[in-house]
Amino acid sequence: MTDLQASSRAFEGPLLEVNDLRTQFTTERGLVRAVDGVSLTLERGVSLGIVGESGSGKTVLSRSIMGLLAGRNTQMTGSLRFADQEILGLKPKHMRHLWGSEMAMIFQDPMGSLNPLMRIGKQITEPLKIHLGMGKEQARETATRLLRDVGIPGPEARLNQYPHELSGGMRQRVMIAIALACGPTLLLADEPTTALDVTVQAQILDLIGEQRRDRNMSVILVTHDLGVVAGHTDQILSLIHISEPTRPRRQS
């Protein structure tokens, strides 16, 4: 466990504090201000819904918080404090100590996020071995329990299946199991119910809420649909800014 991991467990203040966060991309068409001055505070165990239409910067904001945006064309300014530690600008090798064990993310498309050539069991046990140092048998037992916790029937058999053998709802449950595997204190869910029918949507949202309460985990739920966050989050942040590329002004 790193110093930052240890401090996050002991820290009693806000788990996440974002102050005037700005994420910009330099493109051939000009400068894109994807996240333009967002501030928020998230307490431990609280769920926050981030709502906005397509192009409002929801996904970029969540990836900025996770530290997944890097490159010469990306510019980030402001402050991003996790358990009172500044993490904005940390290199990926330092962020890796937080990914999985402290911060985890459920991505929008489970079929695109899961490795189609790797069995479900291996995709869940790998982070358990890497981050928690579990042996093969312990990791497999934990993976079985995780699948059971997220409502997947016959979890032992599912460990040997590939993603394409599962339904969309089951694949999303697997993604949740992977995200929860190392016991993160912060879970970000980016449009977790996209392409699922209404009944399965409700089941997935209820599952995330149940796991949040059981684990005293903070959750950020990103969506374009107010109906998704209604009744499933404690707070709501609305993003209405839609960035258009702007070209640098010529010096006269």
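These legends accompany close-up views of a predicted model.

**View 1. The largest nonpolar core of the predicted model.** This core, the largest of its kind, comprises 38 residues, and those with the most contacts inside it are I106, I124, L147, V174, I176, L187 and I208. Two or more residues each come from strand 6 (103–106), helix 5 (120–132), helix 6 (136–149), helix 8 (168–180), strand 7 (186–190), helix 9 (198–215), strand 8 (218–223) and helix 10 (226–229). Helix 8 is the element that gives the most to this core, contributing seven residues.

View 2. When neighbours within four places in sequence are left aside, the residues in contact with I176 are I106, V150, I204, L207 and I208.

**View 3. The crossing of helix 5 and helix 6.** The axes of these two helices, helix 5 and helix 6, come within 9 Å and cross at roughly 125 degrees. The crossing of helix 5 and helix 6 is right-handed.

**View 4. Residues where helix 5 meets helix 6.** On the side of helix 5, the residues that take part are I124, T125, L128 and K129, and they meet K136, A139, R140, T142, A143, L146 and L147 of helix 6. Sorted by class, the contact between helix 5 and helix 6 has six nonpolar, two polar and three charged residues.

Methods:
Residues are numbered from 1 along each chain as its sequence is written. This is a predicted model: local features need pLDDT of at least 70, side-chain atom pairs count only at pLDDT 80 or more; totals for chains, interfaces and linings use all residues. Side-chain values use heavy atoms; hydrogens and water are left out. A nonpolar core is a set of buried Ala, Val, Leu, Ile, Met, Phe, Trp, Tyr and Cys residues joined through side-chain atoms within 4.5 Å. Buried means under 20% relative accessible area, exposed over 50%, partly exposed in between (1.4 Å probe, protein chains only). Helices (H or I, at least four residues) and strands (E, at least two) are DSSP runs, numbered from the N terminus. Contact means heavy atoms within 4.5 Å. Axes are lines fitted to C-alpha atoms, for helices over the stretch in contact, and angles run from 0 to 180 degrees between N-to-C directions. A crossing is left-handed if the near helix is turned anticlockwise from the far one by less than a right angle, and right-handed if clockwise. Ala, Val, Leu, Ile, Met, Phe, Trp, Tyr, Cys and Pro count as nonpolar, Asp, Glu, Lys and Arg as charged, and the others, Gly among them, as polar.
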